[in-house]
Amino acid sequence: MLDAICTLDKSQDEPYSVFKFQKLSRDEIEEYRQFLLCPVCHQKAFYRKESKDGKAACFGSRYHKFDCSEFKPSQAKLREEQDALEVNQQLVDSDALVIDFSKLTAGKTAGDKQRAKSKAPSSKSTPPEKLACDVEEVAGSELSEGEPVIPQKRIATQGLEKLLNSLLRGSDLADSELWVYTDEKYRWRAKNLFVNFADAEPTENGAPRMYWGTISHSDKSMTWLNPADCQDVGIPIDEFQKVLFHQFAIKERRDIEGAGIIMFGKCFWNKGKTRKIIQLWGKDTKRMFISKSED
């Protein structure tokens, strides 16, 4: 995408061309890039600078409307559509959904896949291994004494990748009443669990949520991720950056720009109450999934 609208720069009557945008000062780019829209369907967009291997700077969007002339279906887009349809069907057909944080993601080796396959449960209704929790309470709805652990009815399981793709493509997951289990002890109504970064607010006692959305950009050292559509939210990743970047094949800032992301984490204020921090729960990278944009 070669053009984008910047809603912050009211003096700009015409869409920015990517050639003009990349000539702005570094400070202007960092400020304007979170206020970009597709010039055709007016859905949120992102800016990616030129890459070290010669790929040109460009604008892109993960939110194009289907009839938008800028929307060019790729295999990734078609896969996201299919994932949204699959998750929506699970919402209709299931009594509960179990999030499988152990589902294989990018960066796994053939040996990893073989070992995982040999350990795979024989039934989809088998609850996942209980997750190790932080010292804080996980403030979901805790099962009462004597209540069966994940009732053995119509139970769906799903990994983070398809959950993220479905949310990005507008599935009903974020508004659903379906019970979602984050482990064998705690469950949540889907509508209370899945929160877009733009709607993130600190929770009582640091209770976690499944935060999702897209990344606008990172800082220079790539130790903080900045979600799109909100200037007051940051995601620190410095303590597990190397593991995360290896897992998702991230080598430079350009790789993260416009990426989709979902993570199980807690939201809290910084000391000055000027910025909301979303911290990965337990600093466990299996509880985060990043989908790089192919635009």
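Q: Angles under 35 degrees count as roughly parallel, over 145 as roughly antiparallel, 65 to 115 as roughly perpendicular and the rest as oblique. Before we use that, what kind of model is this?

A: This is a predicted model, where local features need pLDDT of at least 70, side-chain atom pairs count only at pLDDT 80 or more, and totals for chains, interfaces and linings use all residues. Residues are numbered from 1 along each chain as its sequence is written, and side-chain values use heavy atoms, with hydrogens and water left out.

Q: What is the average pLDDT of the protein chain?

A: The average is 82, and 83% of the residues score at least 70. pLDDT is the predictor's confidence in each residue, from 0 to 100.

Q: Where does pLDDT stay under 50?

A: Over residues 106-137, where the model has 35 contacts (heavy atoms within 4.5 Å) beyond four places in sequence. Where pLDDT is low, the predicted coordinates should not be read in detail.

Q: Okay, how many helices and strands are there?

A: The protein chain has eight helices and 17 strands. Those are DSSP runs numbered from the N terminus: helices are H or I with at least four residues, strands E with at least two.

Q: How do α3 and α5 cross?

A: The axes of α3 (residues 75-93) and α5 (residues 160-168) come within 7 Å and cross at roughly 95°, so the two helices are roughly perpendicular to each other. Axes are lines fitted to C-alpha atoms, for helices over the stretch in contact, with angles from 0 to 180 degrees between N-to-C directions.

Q: Which residues meet there?

A: From α3, Arg 79, Glu 80, Asp 83, Ala 84, Glu 86 and Val 87 meet Glu 161, Lys 162, Leu 163, Asn 165 and Ser 166 of α5.

Q: And is α5 buried or exposed?

A: Seven of the nine residues of α5 are buried, so this helix is largely enclosed by the rest of the structure. Among the buried ones are Leu 160, Leu 163 and Leu 168. Buried means under 20% relative accessible area, exposed over 50%, partly exposed in between (1.4 Å probe, protein chains only).

Q: What comes just after α5?

A: Gly 170, with a positive phi of about 85°.

Q: New topic: what is the phi of His 42?

A: His 42 has a positive phi of about 60° although this residue is not a glycine. His 42 sits in the loop between β3 (36-37) and β4 (46-48) and, at 45% relative accessibility, counts as partly exposed.

Q: And where is Lys 283?

A: Lys 283 is in the loop between β16 (276-280) and β17 (288-291). Its phi is positive too, near 55°, and Lys 283 is partly exposed, with a relative accessible area of 39%.
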